[in-house]
Amino acid sequence: MKINKKVILLLGTVMLAGPAMLASQPAQVQAATEQTNLKINHSRVYNKYGQKLWSYRGKSSLITSKSIKVAKQVVPTTDPRSKNYSFHDENWDWYYLPYKMIKGKTYYSIGHGGYIKAANVTKINGQALLANQATIKLTKKMFDDQKANTIEVYDADLGKKVAKHFTPGQKVVVDAVTDGSDIDYQIDEGYSIMYRIKGSNQFLDEDIDDDDVLTAIYSKKDLQLLPCSKHMAILTTKDTNYYTYKGEVATQSVIPNSNLVIVPDNTPNLVVQAITAKKGRIEYATKAFYLREPGQTEPELFYQVESTVRDGSYALLKAADTKYIYGIKLSPLNTKEDALANKPLASTAKRVELKQLLDQAPEIRASEKYRYASSSSSYEYYFKKAQIAYDSLISTDTDVQKAITDLQQATTALDRGKRVKVKDINHLTAEEAKKILPLANADVQTKYPKEKSRYYNAKFNKDYTELDVYLSDYTVNPAVTTKVGKLNIADYVEK
């Protein structure tokens, strides 16, 4: 189940780091050309009754790996799923070539009484042709459990794989494809290509028991399916800014004339610049809502997307700067009036519950368990995210509840920072010393500076009677480790 197999969906050109995407074709589609160019993988020519012709226009009717031109022109469409086959240009405007149904099969007329199967066409005017469905015939070797006749499918509603019963030889219709990131499915090696079973939210993996589903579907024909997503895929229609949850333009500090964008704030000569999304970037929107920019009187519709800004919160894009391309269609979670009144999306009860946890922070930070816990940095990470969830007007009850749960778990993890109970502080056992070291190292991280390639850590002597601090300096070659301080063992054991 490796993602580095044959790529089967052409999405959008990736301009910046962000959600997983696949590369698109660069060619433009001209809807009003005099002729339409068809790239054919391998096809016979048929007559209007679907009967195979042995010759066509005085030559063999077998067409292999070539392009032909037909007189019919492609037609724009806003609903590609209503067409058996369609394609899009780099702006994600959709088109289809009018076709004829013969005995339940889709054919394109190529003139002079000849027809070819649409399934044998791979591109139209340089753009990949996408089918709205395809059929897989399940062979016995595809089954995970051949006795029970089950295949593991990913259920996007349940968020896990389940065993689904099929019959050997059964034909299954699939109607969409995703690279796995669109439905939050990931394997150890990365994301896997998944095919949606028509009429369900269940997906077959690209590989079924080492058998390539792409081969099973298309019999080695280079055709593709329409994309799908549990989110709303959008395309930026112009160069535009990302925004923060406060409605402010997202910024980053950069070194002039440098490609580096993640640099310390104290770096000299930093320049603050807006974080932008180039025209043609694909993002996956997870929320839609009205928000008012600082200094503006009228709220605008924004989308929250999966990219993040510097503080770790999700970035926003203005809806006016994007267009819908596929996936679900989001409705605003609030009204313009709500945004004008600065009304939070989350309920008051949830916000109060989160505020109570945030208010405990000063007491927690002053506690011994925080001082000695190796997980104190984790607590600060989730505290920061919880503070953003509380401050943000666009946090939903689900967002706030997640922040509550994460912060509660991070607080509970601090309990591992309690002092160690020992029998005799002057004669520590190896096990007791082992329990003391994490507390001492957590303490060292708060007392000593954080420096690049220079690391401080606590270490016992051989008989566990002294606890010292050592500096490992990797700025020199070879690296040097020296003792730089001493700790009081009594600070880490129960009194």
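Reply: A residue counts as buried when its relative accessible area is under 20%, and as exposed when that area is over 50%, with partly exposed in between. Please note that the model is predicted.

Me: Why is Gln304 called buried?

Reply: The relative accessible area of Gln304 is 9%, and the cut-off for buried is under 20%. Gln304 is therefore buried. This residue lies in strand 29 (residues 300-308). Leaving aside neighbours within four places in sequence, Gln304 is in contact with Tyr284, Ala285, Thr286, Lys287, Phe289, Tyr314, Ala315, Leu316 and Ile394.

Me: What makes Lys459 buried, exposed or partly exposed?

Reply: Lys459 has a relative accessible area of 49%. Buried requires under 20% and exposed requires over 50%, so Lys459 is partly exposed. Lys459 is found in strand 32 (residues 454-460). Not counting residues up to four places away in sequence, Lys459 touches Leu437, Glu466, Leu467, Asp468 and Tyr470. Lys459 and Ala433 are 26 residues apart in sequence, and their C-alpha atoms are 9.6 Å apart in space.

Me: What share of the residues in the protein chain is buried?

Reply: Of the 495 residues in the protein chain, 44% are buried. The protein chain exposes about 26300 Å², and carbon and sulfur atoms supply 49% of that area. Among contacts with a separation of 6 or more, 62% are between residues 24 or more positions apart.

Me: How many helices and strands does the protein chain have?

Reply: The protein chain has 8 helices and 34 strands.

Me: How do you know whether helix 6 and helix 7 are roughly parallel or roughly antiparallel?

Reply: Two packed helices are described by the angle between their axes and the distance between the axes. Helix 6 (residues 376-391) and helix 7 (residues 397-413) pack at an angle of about 160 degrees, and their axes are 9 Å apart. Angles over 145 degrees count as roughly antiparallel; helix 6 and helix 7 are therefore roughly antiparallel to each other. Helix 6 passes helix 7 in a left-handed crossing. On the side of helix 6, the residues that meet helix 7 are Ser378, Tyr379, Tyr382, Phe383, Ala386 and Ala389. Their counterparts in helix 7 are Val400, Ala403, Asp406, Leu407, Ala410 and Thr411.

Me: What makes the relation of helix 3 to helix 7 roughly parallel?

Reply: Helix 3 (residues 348-359) packs against helix 7 at an angle of about 25 degrees, with the axes 10 Å apart. Angles under 35 degrees count as roughly parallel, and helix 3 and helix 7 are therefore roughly parallel to each other. Helix 3 contributes Lys350, Arg351, Glu353, Leu354, Leu357 and Leu358 to the contact, and helix 7 contributes Asp397, Val400, Gln401, Ala403, Ile404, Leu407 and Gln408. Helix 3 passes helix 7 in a left-handed crossing.

Me: How do you know that strand 8 and strand 9 pair?

Reply: Two strands pair if there are at least two bridges between them. Strand 8 (residues 100-102) and strand 9 (residues 105-111) are joined by 3 bridges and run antiparallel; the two strands therefore meet the cut-off for pairing. Met101 stands opposite Thr106 in strand 9. The two strands form a hairpin with 2 residues between them, and Lys103 in the turn has a positive phi of about 55 degrees.

Me: Which strand is joined to strand 9 by 4 bridges?

Reply: Strand 10 (residues 114-117) is joined to strand 9 in this way, and the two run antiparallel. Tyr107 has Lys117 in strand 10 as its bridge partner. Strand 9 and strand 10 form a hairpin with 2 residues between them, where His112 in the turn has a positive phi of about 55 degrees.

Me: Why are strand 5 and strand 22 called edge strands?

Reply: An open sheet of 5 strands has the order 5-7-6-13-22, with mixed pairing. Strand 5 (75-77) and strand 22 (224-225) each have a single partner strand, so one side of each is left without a neighbour in the sheet. Strand 22 pairs with strand 13 (residues 130-131) in the parallel sense over 2 bridges. In this pair, Ala131 stands opposite Leu225 in strand 22.

Conventions
Residues are numbered from 1 along each chain as its sequence is written. This is a predicted model: local features need pLDDT of at least 70, side-chain atom pairs count only at pLDDT 80 or more; totals for chains, interfaces and linings use all residues. Side-chain values use heavy atoms; hydrogens and water are left out. Buried means under 20% relative accessible area, exposed over 50%, partly exposed in between (1.4 Å probe, protein chains only). Contact means heavy atoms within 4.5 Å. Accessible areas come from the Shrake-Rupley method with a 1.4 Å probe; for residues, only the protein chains shown count as cover. Axes are lines fitted to C-alpha atoms, for helices over the stretch in contact, and angles run from 0 to 180 degrees between N-to-C directions. Angles under 35 degrees count as roughly parallel, over 145 as roughly antiparallel, 65 to 115 as roughly perpendicular and the rest as oblique. A crossing is left-handed if the near helix is turned anticlockwise from the far one by less than a right angle, and right-handed if clockwise.
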